[in-house]
Amino acid sequence: QVQLSESGGGLVQPGGSLRLSCAASGSIFRVNGMAWDRQVPGKERERVASISNVGITNYADSAKGRFTISRDSAKNTVYLQMNSLLPEDTAVYYCNFQVYSRNGVLNNYWGQGTQVTVSS
């Protein structure tokens with residue numbers, strides 16, 4: 001099993017910044033990709049950013065130019081730097097790891113979620 005531990009959420013004013021972190025532990029043979037999703041009550045979960053095992057990044061249009069996803073492979077940790085935050089960025093943010101087991105099975109894991117609230 002793989003456990004994900006998120007941190008870094010909180011309350012911030014519009015225009016402010018937050019950095020989310022997510023560390024994976026447990027039975028990790030090889031990490032394929034990592035991502036950050038977010039969800040607002042009553043809406044579908046949205047993929048905000050992703051990073052592949054070779055560092056290729058992708059962003060939702062709403063995140064481009066403001067958010068940066070990065071990874072520390074040695075620590076099995078993924079980060080999301082969020083700048084110029086807007087009230088519409090308010091959501092619960094979930095990290096996602098795609099992990100290969102030793103027998104070659106690719107599994108998806110999600111963190112418990114961290115609340116980000118952007119409000120004055």
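User: Why is Asp-61 called exposed?

Analyst: In this predicted model, Asp-61 has a relative accessibility of 65%. Exposed means over 50% relative accessible area, buried under 20%, and partly exposed in between (1.4 Å probe, protein chains only); Asp-61 at 65% therefore counts as exposed.

User: What makes Lys-64 and Asp-61 a salt bridge?

Analyst: The closest N and O atoms of the two residues are 3.1 Å apart. A salt bridge requires a side-chain nitrogen of Lys or Arg within 4 Å of a carboxyl oxygen of Asp or Glu, so the pair Lys-64 and Asp-61 qualifies.

User: Why are Arg-66 and Asp-89 said to tie together separate parts of the sequence?

Analyst: Their side chains meet in a salt bridge at 2.7 Å, N to O. Arg-66 lies in the loop between β6 (57-59) and β7 (67-72), and Asp-89 in the loop between β8 (77-82) and β9 (91-100), so the bridge joins parts 23 residues apart in sequence. Strands are DSSP runs (E, at least two residues), numbered from the N terminus.

User: How do you know whether Arg-66 and Asp-89 are buried or exposed?

Analyst: Arg-66 has a relative accessible area of 14% and Asp-89 one of 1%; both values fall under the cut-off, so both residues are buried. Arg-66 and Asp-89 also belong to a salt-bridge network with Arg-38 and Glu-46.

Notes
Residues numbered from 1 in each chain as written. Predicted model: local features only at pLDDT ≥ 70, side-chain atom pairs only at ≥ 80, totals over all residues. Heavy atoms only, no water. Helix = DSSP H or I, 4+ residues; strand = E, 2+ residues; numbered from the N terminus.
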